[in-house]
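Here is a short note for a colleague who has not seen this structure before. Please read the points with the model open.

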Amino acid sequence: MANQQINNENAAMKEVLIAMHKIGGQVTRQDIRNEIRDSSDVFSEDEVDKTRVSRKTGKQYHPFYYSMNFAVKYLILTGFINTEDNRVLELTEKGRNVDLSSFDAEKDVRPFLEDNNSQELKEKSLAEVDSAKDMNDEDTDEDQWRQDLLDALMKMNPKKFEFFCRGLLTKMGIDVDDTIGVNYASDGGLDGFGYVRSNDYRTTRVALQAKRWQANVPAPEIDKFRGVMDKYNAEFGIFITNSGFTRGAIKTARQGTRIITLIDGEEICNLVAKYNYYVKPVTTYRLKDFYTDKD
């Protein structure tokens, strides 16, 4: 298993660099994960989304997140990535100029890790992998409230979830119709309808669809929604779910003359935080390495 973990980390290093080259600019680990999940030829969406339960803590974790976080750490230590706060990441000159077609983590990264004699890296053991220690790395504290929110959304009944989504979209500046999408018997499968006015005073019609799902939303659901949009002459649509979307769904949403905006669970969390929607922000502190380093 140790060799498999190393292989996963090596593969993740290259995919991280590829993703950052595609995205450009300053990114977060979440941005990188999303890009890999949506377009990687090495890691499938199922591999990225896969979860396990730690035998030591009993908590659920994502094995891919673990591999990717170590990959990012190695790339920082060897000068491919730069970060000031360990959250926002950007490619260094070395990272921007790397030849991705020939990049080999085993040759281009790991020998330099050994040269650096990083005690932190040497202490990483198979036991840490099995117990999923610090599985989300520096994102753990930040991600906890997000996981709590997604768990709460999953437990909502469909009507309450749609109410939540309509309210969130209203916060986003959409004038949600108070009749269309409310009556289950006559809305034709639509969960909401609204109007968006632009700065040049143009008003467009938008259809809204909300799905509280355990699994990722597949492409046929996008096609079905587009059909409902036709009934109301909607100029664009917003499909929102607590889970995620398959690669096929993402591709389908971008096809045709009317692109459908997809909002997944992670984006819901971002919007809830942005608009303080049924959440209360708190301020806390985390000790830096100074307090834990062994002198």
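1. Phe70 and Tyr74 are both buried (under 20% relative accessible area, with a 1.4 Å probe and protein chains only). They sit four residues apart in helix H4, about one turn of the helix. Rings of Phe, Tyr and Trp (its six-membered ring) pair if their centres lie within 6.5 Å; planes under 30 degrees apart are stacked, over 60 edge-to-face and the rest tilted.

2. The model is predicted: local features need pLDDT of at least 70 and side-chain atom pairs pLDDT 80 or more, while totals for chains, interfaces and linings use all residues. Residues are numbered from 1 along each chain as its sequence is written, and side-chain values use heavy atoms, leaving out hydrogens and water.

3. Phe80 and Phe103 form an edge-to-face pair, at 5.7 Å centre to centre and 85 degrees between the planes. This pair links distant parts of the chain, 23 residues apart: Phe80 is in the loop between H4 and strand S3, Phe103 in the loop between helices H5 and H6. Phe80 is buried at 4% relative accessible area, and Phe103 is buried at 6%.

4. Elsewhere, ring pairs join Phe161, Phe164, Tyr277 and Tyr278 into a cluster.

5. Helix H2 (residues 29–39) packs on helix H4 (residues 63–77) at about 120 degrees, with the axes 11 Å apart. Residues of H2 including Ile32 and Ile36 meet residues of H4, among them Phe64 and Met68, where contact means heavy atoms within 4.5 Å.

Methods: Axes are lines fitted to C-alpha atoms, for helices over the stretch in contact, and angles run from 0 to 180 degrees between N-to-C directions. Helices (H or I, at least four residues) and strands (E, at least two) are DSSP runs, numbered from the N terminus. Buried means under 20% relative accessible area, exposed over 50%, partly exposed in between (1.4 Å probe, protein chains only).
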